[in-house]
Amino acid sequence: MTSYPCPFCRTEANLTTGCPGCGRGPDPDAAEVVRLDAEIPVLTARLAAARDAVTAADGALRRAWAQREAAAGRVRAAVAAAARVAPRPAHAPAMTAPMTTATAEASTRLVQNSLFVLGGLLLAVAAIVFTAVAWSQFGVRGRAGLLAAVTVVALAAPLAALRRRLTAAAETVAAVGVLLILLDGYAAWYVNLFGLADYSALGYAGAVCAVTAAVAAGYEHVTGLSTPRFAALLVAQPVLPLLVAPFHPDAAGWAYTWAAVAVVNLAVIHLRRGALTPLAVAAYVLGGLAVTVSGICALAGLALATDPGPVALAGASLVTAAGVLLAAAVLARAGIAPAAGMVVVAVAIAAARFAAVAGGERLAPVLITLVVAALAVAVRLLPSTVRRGPQIAALACLGVPGVATVLAAVAARVGGETDWRLPTMIVILSAGAAALLPPVPVALAGGAVLTLAAPAVLPWSPAVQSRVIIGVAAVLVVVAYRIGRHREVAAGVALALLASTPVWALVSGDSPAIYAAAGLLLLALPAPVHRALTVVAAAVLGFALLAATGDSLLTVLAGPWLHSGARWTGHVPVADVVATGILAIAAGLHGRRHVLWTAAPVVAITAVLAPGAAGAPWPSTGAASLVTGLAGLIVAALRGDARRSAALTVVSAALLGAALAAAPATDVTTLVAFGATVVAGVMIGAVGRTVAVRASGWLGAAGSAYVVAATAGHTAGLPLHATAFVVLGAAAAVLTAGVLLRRRTAESWTLQAAAHGGAVVALLLTAGSPRYAAAVCTVWGLALGLRALVRDTAGRRSHVVAAAAAEVGGWWLLLAAEQVAVVEAYTIPAAAVALLAGWLGRRHRAGLSSWAAYGPALAAALLPTLASVLTGEGEPLRRLLLGAAALAIVVAGAHARLQAPVVTGGSVLTLVALHETALVWDLLPRWIPLAAAGLLLLGLATTLERRRRDVARMRSAIHRMG
């Protein structure tokens with residue numbers, strides 16, 4: 001007997017007597033609830049145990065598969081290695097170990113779909129070619145009737161394919177049929193059927209697209225195929241624009257037209273409610289494009305219209321486009337807030353433009369601010385559930401005229417102009433912002449901007465204006481300490497006013513650099529201000545300092561580059577030196593724990609600026625740049641880490657670059673500057689703290705050594721092509737150093753790469769002298785060959801190949817000097833080098849494929865000659881030798897059982913054999929091969945689909961028997 005609590009009086013009841021408390025009869029549902037409450041925990045425990053068992057079994061299965069694949073891979077590798085060592089005897093027993101065949105690179109479905117796509121594409125191209133250019137062999141009625149018959153067949157064939165369950169084939173042929181409907185329309189217009197050619201071509205095209213879309217939609221409704229569905233959607237897009245085009249609408253008219261196109265896409269989405277299908281996605285994408293075009297046209301109409309009527313019409317079109325976007329978001333139930341914000345932006349743009357045109361040029365700024373402020377108040381009245389997006393959009397609309405007003409106030413302040421509109425606009429914008437944001441911060445920010453704009457209506461002197469700004473900033477600082485809730489806002493406004501002092505110094509004629517440096521010095525002192533605000537103010541002052549001292553910095557850093565090779569000394573103002581000195585003190589105060597790394601870069605800049613300010617003669621500035629640059633780099637390399645010494649490294653590198661740019665004025669200064677750089681680079685490379693630093697030091701030393709070598713050759717009076725051998729000697733010395741440092745792998749490879757770069761420089765110095773260039777290549781090939789003799793198995797093979805390549809380069813240069821024009825004289829040596837590289841690679845890497853090993857060699861040997869044969873008639877002897885070489889490659893590849901030689905040689909033989917046969921192709925009409933190829937691919941794809949269906953049917957039958 002099942003008992004349960006009575007749902008009405010909570011008295012214990014049962015299914016026999018009911019409730020003794022309230023007298024109600026038995027309640028089976030309440031008893032069932034009690035029973036199921038007891039059963040559910042048991043079932044939950046069983047489900048948890050089953051899940052644990054499934055998880056354990058899944059993990060065991062995955063581990064088993066992984067172990068099985070690893071074991072099978074080891075078996076395959078062992079078999080492949082054994083096959084390379086010795087051929088398998090004919091009487092060897094079959095492998096009984098579990099082996100897996102090579103994984104297919106493409107599934108049957110992928111192949112089937114690819115064949116369908118290619119076949120349909122070829123048929124479509126053939127139809128277009130036939131319609132456009134291949135009608136000369138048929139009469140007007142004959143060609144129109146033939147195209148109509150083909151259209152009927154193309155639309156009827158999918159029905160037969162669907163009865164045989166060949167869905168993919170039906171989809172492809174249906175797509176071709178829809179295309180043929182469009183071509184039928186073109187054919188009717190081309191032959192002027194029923195006088196159609198007398199009407200507008202664009203309007204007729206729109207009608208054809210409309211008919212095609214309707215036919216495709218009906219065809220999809222009858223057959224259920226997806227291709228006509230998408231075709232109907234795509235073809236329907238240009239219907240309205242083509243129908244409207246003959247009436248020559250203006251920009252606003254086009255905006256309404258494209259908005260209507262977007263509405264059509266929304267209608268498609270609304271009529272097909274349900275999940276987000278691919279058709280709905282396509283409709284959303286196409287509708288989005290239509291809305292975008294509509295918005296662009298509306299904006300163009302607003303920009304071009306000059307009368308209130310056309311402006312109102314264009315503005316309404318812009319709001320309409322935004323409304324369509326909002327409707328799409330509502331239908332999608334996503335992105336409603338951004339869409340509503342776009343509506344607010346559209347209304348603001350349209351209303352602002354109308355106000356500007358209606359109010360005239362003088363009142364336009366004030367009216368625009370009134371419009372956006374009123375819009376902000378209207379957004380504030382919206383319900384809080386839908387206010388988020390419009391509020392952000394309204395703030396953005398306020399921000400655009402707000403920034404423009406601030407810039408105008410600054411420009412008026414700098415230029416000393418008076419304009420009553422600026423304070424008025426500031427007050428209006430502040431009121432609008434106060435409707436959306438907390439009023440106290442808005443009032444503080446508006447008061448600060450109003451302070452800047454006050455001189456526009458009060459003709460004060462620059463001194464009085466600066467004092468007013470400083471006084472307002474001081475008042476704001478006091479307010480920041482008195483109020484608690486908006487302290488950061490008040491402090492930020494005060495810092496913003498203080499950060500603007502360099503601008504007012506510039507207006508009054510003082511040095512902005514000193515003002516900015518003094519401001520940074522004050523910011524470096526500890527102050528109870530929010531860190532983020534301090535960082536912003538420091539960034540503004542730093543930018544002002546950089547702008548004020550920019551000419552001086554360009555003088556010492558870029559001047560030597562601009563006047564390289566001349567004894568040039570620039571002038572630096574004393575105020576800039578004082579400003580950088582103050583900045584050095586500020587940097588030292590800010591980074592007390594790491595004063596060296598914070599103050600040293602500024603001290604270095606000051607030390608280089610000082611000779612220019614003092615008027616010291618040449619080369620004082622260059623010498624100061626060289627000494628400070630090398631010293632800074634050495635200190636950063638020996639004592640600093642990457643993070644702390646980054647600023648010092650950058651500044652020192654810039655100073656060193658300026659010093660080296662100024663050095664070529666004389667050979668002596670060049671040798672001294674680059675010689676010192678070689679010494680510093682060797683020191684950094686020898687005892688630098690990190691591998692990257694040491695490698696950079698060696699690289700700088702190598703580059704400077706090449707300059708020293710070239711300068712020494714020039715000092716000795718050697719010609720340029722002879723100086724190349726001096727540079728090549730320096731490159732050989734760098735290569736030797738790299739070999740000696742081979743225990744330091746990264747540094748060794750850096751030096752060897754620098755050595756190869758020096759060899760390239762030496763080769764460039766021999767430009768115009770091919771024999772000297774050949775000598776350079778030969779000597780460097782010898783050096784690489786000697787490098788290959790060093791016991792270094794990691795790089796021996798590559799150096800052997802590189803040495804051979806260098807010798808081949810020398811050979812090519814000698815051939816060019818002798819004006820040899822036979823292409824094989826150049827390609828065969830290169831192919832031999834590539835063959836040597838491939839042979840060495842397969843010798844040491846048993847798993848290397850023949851394509852990777854011998855593919856480049858085969859391409860270098862065969863392709864240039866094949867190109868010369870195919871592009872012209874070619875000499876008989878060359879064709880014969882090419883065919884013989886390809887045949888020999890095929891035989892050699894077959895003997896060695898290598899794929900690349902067999903395929904490459906066979907392909908070349910085939911192309912040579914088809915060279916003459918290809919001329920017959922031009923005798924056929926162009927559309928016949930395309931159509932034949934398309935039908936062939938469709939036939940293959942249909943056959944493949946039928947076989948896949950049969951296999952699936954057989955698999956299903958076997959499963960049913962099991």
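In this predicted model, the side chains of Glu32 and Arg35 form a salt bridge, with N to O at 2.4 Å (a side-chain nitrogen of Lys or Arg within 4 Å of a carboxyl oxygen of Asp or Glu). The two residues are three apart in helix α1 (residues 28–85), so about one helical turn separates them. Glu32 is partly exposed, at 33% relative accessible area. Arg35 is partly exposed as well, at 41%. Buried means under 20% relative accessible area, exposed over 50%, and partly exposed in between (1.4 Å probe, protein chains only). Glu32, Arg35 and Glu39 are linked in a salt-bridge network.

The structure holds five salt bridges. One of them joins Arg229 to Glu220, with the closest N and O atoms 3.1 Å apart. Arg229 is partly exposed at 23%, whereas Glu220 is buried at 10%. Arg694 pairs with Glu747 at 2.6 Å between the closest N and O atoms. Arg694 lies in α27 (residues 691–715) and Glu747 in α29, so this bridge ties together parts 53 residues apart in sequence. Both Arg694 and Glu747 are buried.

Helix α29 (residues 745–765) packs against α30 (residues 770–788) at about 165°, with the axes 9 Å apart. The pair is therefore roughly antiparallel (angles over 145 degrees). The contact (heavy atoms within 4.5 Å) includes Ala755 and His756 of α29 and Val776 and Trp780 of α30.

Residues are numbered from 1 along each chain as its sequence is written. Local features need pLDDT of at least 70, side-chain atom pairs count only at pLDDT 80 or more, totals for chains, interfaces and linings use all residues, and side-chain values use heavy atoms, leaving out hydrogens and water.

Methods. Axes fitted to C-alpha atoms, helices over the stretch in contact; angles between N-to-C directions. Helix = DSSP H or I, 4+ residues; strand = E, 2+ residues; numbered from the N terminus. Parallel < 35°, antiparallel > 145°, perpendicular 65-115°, else oblique.
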